[in-house]
Amino acid sequence: LRQEHDTAVVSCRLVRIGTSSLTLREEIRTAEGELAAESEAVIVARDRENGGSRPLNEHERAAFERAQ
């Protein structure tokens, strides 16, 4: 991707729903479809009281499953 590219196409998709985490995949492409950058991120649900990870609750899991 270069400055002369007027448009970038950015996508983010849910790859996996784990017990306490989500795996996301992001891509940035030129308008012509050439892959410019890609990444994968793991997002972990956090327990506010102890700061550790916690399982996704049924409402969270259902919402993410609908988005898949």
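**Salt bridges and surroundings**

Author: Arg25, Glu27, Arg29 and Glu38 are linked in a network of salt bridges, a salt bridge being a side-chain nitrogen of Lys or Arg within 4 Å of a carboxyl oxygen of Asp or Glu. This is a predicted model, in which local features need pLDDT of at least 70 and side-chain atom pairs count only at pLDDT 80 or more, while totals for chains, interfaces and linings use all residues. Residues are numbered from 1 along each chain as its sequence is written, and side-chain values use heavy atoms, with hydrogens and water left out.

Reader: How many salt bridges does a search of the whole structure find?

Author: Four.

Reader: Which residues does glutamate 27 pair with, and at what distances?

Author: Glutamate 27 meets arginine 25 at 3.6 Å, N to O. Glutamate 27 also bridges to arginine 29, where the closest N and O atoms are 3.1 Å apart.

Reader: Is glutamate 27 buried or exposed?

Author: Glutamate 27 counts as buried, because its relative accessibility is 18%. Buried means under 20% relative accessible area, exposed over 50%, and partly exposed in between, with a 1.4 Å probe and protein chains only.

Reader: What does glutamate 60 form a salt bridge with?

Author: Glutamate 60 pairs with arginine 54, and their closest N and O atoms are 2.8 Å apart. Glutamate 60 is partly exposed at 23% relative accessibility, and arginine 54 is partly exposed at 25%.

Reader: New topic. Which residues make the largest nonpolar core?

Author: The largest nonpolar core has six residues: Leu14, Ile17, Leu22, Leu24, Ala45 and Leu56. Strands β1 and β2 (21-30) each supply at least two residues of this core. A nonpolar core here is a set of buried Ala, Val, Leu, Ile, Met, Phe, Trp, Tyr and Cys residues joined through side-chain atoms within 4.5 Å. Helices (H or I, at least four residues) and strands (E, at least two) are DSSP runs, numbered from the N terminus.

Reader: What does leucine 56 touch, leaving out residues up to four places away in sequence?

Author: Leucine 56 touches Ile17, Gly18, Thr19, Ser20, Ser21, Leu22, Ala45 and Arg61. Contact means heavy atoms within 4.5 Å.

Reader: Serine 21 is in there. Where is serine 21 found, and what is it in contact with?

Author: Serine 21 is found in strand β2 and counts as buried, because its relative accessibility is 13%. Leaving aside neighbours within four places in sequence, serine 21 is in contact with Arg16, Val42, Ile43, Val44 and Leu56.

Reader: And arginine 16, where is that found?

Author: Arginine 16 is found in strand β1 and counts as partly exposed at 46% relative accessibility. Beyond four places in sequence, arginine 16 is in contact with Ser21, Leu22, Thr23 and Gln68. Arginine 16 and arginine 29 are 13 residues apart in sequence and 22 Å apart in space, C-alpha to C-alpha.

Reader: On to aspartate 47. Where does aspartate 47 lie?

Author: Aspartate 47 lies in the loop between β3 (35-44) and α1 (58-67). Aspartate 47 is partly exposed, with a relative accessible area of 24%.

Reader: Which backbone nitrogens does the side chain of aspartate 47 reach?

Author: A polar atom of the aspartate 47 side chain lies 2.7 Å from the backbone nitrogen of glutamate 49.

Reader: What else does aspartate 47 touch, not counting residues up to four places away?

Author: Gly52, Ser53 and Arg54. Aspartate 47 and glycine 33 are 14 residues apart in sequence but 40 Å apart in space, C-alpha to C-alpha.

Reader: What about glutamate 40, buried or exposed?

Author: Glutamate 40 is exposed, because its relative accessible area is 53%. Glutamate 40 lies in strand β3 and, leaving aside neighbours within four places in sequence, is in contact with Thr23, Leu24, Arg25 and Glu26.

Notes
Polar contact = N/O pair within 3.5 Å; in protein donor to acceptor, adjacent residues only side chain to side chain.
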